Structure formats: structure tokens, C-alpha cells
Amino acid sequence: MLPAILWIALTRARRIALFILLACFAIDLPPAVNGQGTIIKQNSADSLLRTRPKKKFGRAAMELGLGEAVPLVFDDYVRHESWADISFKSMGSNLRPSSWAWDNDLFQTNEIGHPFHGSIFYNAFRSNGYSFWQSAPASFAGSYLWETFGETQAPSINDFITTGFGGVMLGEVSHR
């Protein structure tokens, strides 16, 4: 019974997330075109937004890695959090698909902290020349890496969803 309810909840969440992603994509409008098919001259601010720098994958991957490592090291060595004391045993346990669960973290953790952390992963790529759609998987990849290799707790389905989608939305807003 519970897996069926969870599957229905995830299906609804996917639909809502897809709608939100498509709405965010609609904001990135193409240049204005007149009736004859020629581009209407844009002001300099618009042209600056449309130019993308060269893609720098190495730098983006390094920033994503720092977005993973800095909070983990801080939580483990400064705050001495028990969930940050990772080992190969905890990583192996978290890699099993059956270990994923729904957590009951506080609202500010799930709805503020996770999207903020996801925006760090997203902007690691967005600020290094990647487009919206090319940067979105980084938010989910960073969330997956954190859930499986950054905590001793079981990976959380709701944290993965909130970090991924929330990171894309908050990341794009902060990028612009």
C-alpha cells in the first residue's frame, strides 16, 4: 500500500516539477522579430544576457565538488555532526536503491536549505557557460552525490526532489 501511495505522490510531484521547469524555460524568450523576419535591435543589456561565455567543464566540476566538500568538512570537523561521519560502509549502504526513504527534517531544512544547496550545484555550471537545460542535471547530480556519499543517514527521496528542482529554480533566479 505504502509503495503505491509513494509512487502516486512522486508521479504528481513529477508533473508539477515538469510544469515548473517548462514555465521557467518559457521565460527565456528569443529575440524579438518583426513581420519581415528580421530581428529587432535590442538594447545592450539584452545583448549582454544573450551572449554566453565559453563552456568550462573542469572549473564547473571543481565548483560542484567544492559545493559538496566544504559543507561536509564543516559539518564533520567543526560542528561534529554524527550524520557527517561518513565511511565506506555508509556509502555502500546508501548505494542500495532499497535504502532510499522519506525523511522528516524540519521545514527550513527541506524547503530553504536544500534548494539553496541545489542552487550552488546548478550555478557551478550555469556561471561557467552552460545553458539552463545543460545546468539543470548538475543540481540533481549534486543532490544524488550528497545523498549517497555525503551522509550516514539513508538517502531521502524528498531531499533529492527538493534539492534538484528547488536548486534549478532558485539557481536560475540567482543567476539572472
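This report describes the fold, pocket, cores, aromatic pairs and selected residues of a predicted model.

## Basis of the model

The structure is a predicted model in which local features need pLDDT of at least 70 and side-chain atom pairs count only at pLDDT 80 or more, while totals for chains, interfaces and linings use all residues. Residues are numbered from 1 along each chain as its sequence is written, and side-chain values use heavy atoms, with hydrogens and water left out.

## Overall fold

The chain has seven helices and zero strands, and its elements run α-α-α-α-α-α-α from the N terminus on. Helices (H or I, at least four residues) and strands (E, at least two) are DSSP runs, numbered from the N terminus.

Of the 176 residues in the chain, 35% are buried. Buried means under 20% relative accessible area, exposed means over 50%, and partly exposed is in between (1.4 Å probe, protein chains only). Contact means heavy atoms within 4.5 Å. Among contacts between residues at least 6 apart in sequence, 74% join residues at least 24 apart.

## The largest pocket

Rolling a probe the size of a water molecule over the atoms shows where empty space is left. The search uses a 1 Å grid over the protein atoms alone; a pocket is an open set of points where a 1.4 Å probe fits, with protein on both sides within 12 Å along at least five of seven lines, and lining residues have an atom within 4 Å of a point. Grid points are joined across faces, edges and corners, and a volume is the space filled by probe spheres set on the points.

The largest pocket holds about 460 Å³ of space. Its lining has 19 residues, and those nearest the centre are Asp75, Trp83, Thr109, His114 and Trp146. Two or more lining residues come from each of α3 (57-78) and α5 (107-126). The largest share, six residues, is from α5. By class, the lining has seven nonpolar, five polar and seven charged residues. Here Ala, Val, Leu, Ile, Met, Phe, Trp, Tyr, Cys and Pro count as nonpolar, Asp, Glu, Lys and Arg as charged, and the others, Gly among them, as polar.

## Nonpolar cores

A nonpolar core is a set of buried Ala, Val, Leu, Ile, Met, Phe, Trp, Tyr and Cys residues joined through side-chain atoms within 4.5 Å. The largest one has seven residues: Ala60, Leu64, Phe121, Ala124, Phe125, Tyr130 and Ala138. Both α3 and α5 supply at least two residues of this core, and α5 gives the most, with three. Apart from this core lies another, of five residues, including Tyr122, Phe132, Ala136 and Phe140.

Leaving aside neighbours within four places in sequence, Leu64 is in contact with Phe121, Ala124, Phe125, Ala138 and Leu145.

## Aromatic pairs

The whole structure contains nine aromatic pairs. The ring centres of Phe132 and Trp133 are 4.9 Å apart and the planes are at 90°, so this pair is edge-to-face. Rings of Phe, Tyr and Trp (its six-membered ring) pair if their centres lie within 6.5 Å; planes under 30 degrees apart count as stacked, over 60 as edge-to-face and the rest as tilted. Phe132 is buried, at 6% relative accessibility, whereas Trp133 is partly exposed, at 37%.

One aromatic cluster is formed by Trp100, Phe140, Tyr144, Phe160 and Phe165.

## Asp159 and Asn110

Asp159 is in helix α7 (residues 157-175) and is buried at 2% relative accessibility. Leaving aside neighbours within four places in sequence, Asp159 is in contact with Asp103, Asp105, Asn110, His114, Ser143 and Glu147. Asp159 and Tyr144 are 15 residues apart in sequence, with 9.4 Å from C-alpha to C-alpha.

Asn110 is in helix α5 and is also buried, at 7% relative accessibility. With the neighbours within four places left aside, the contacts of Asn110 are Asp103, Asp105, Pro115, Asn158, Asp159 and Thr162.

## Other residues

Met169 lies in helix α7 and is partly exposed, with a relative accessible area of 29%. The C-alpha atoms of Met169 and Ala136 are separated by 9.1 Å, and the two residues are 33 apart along the chain.

His80 is in the loop between α3 and α4 (88-95) and is exposed at 61% relative accessibility. The phi of His80 is near 55°, a positive value in a residue other than glycine.
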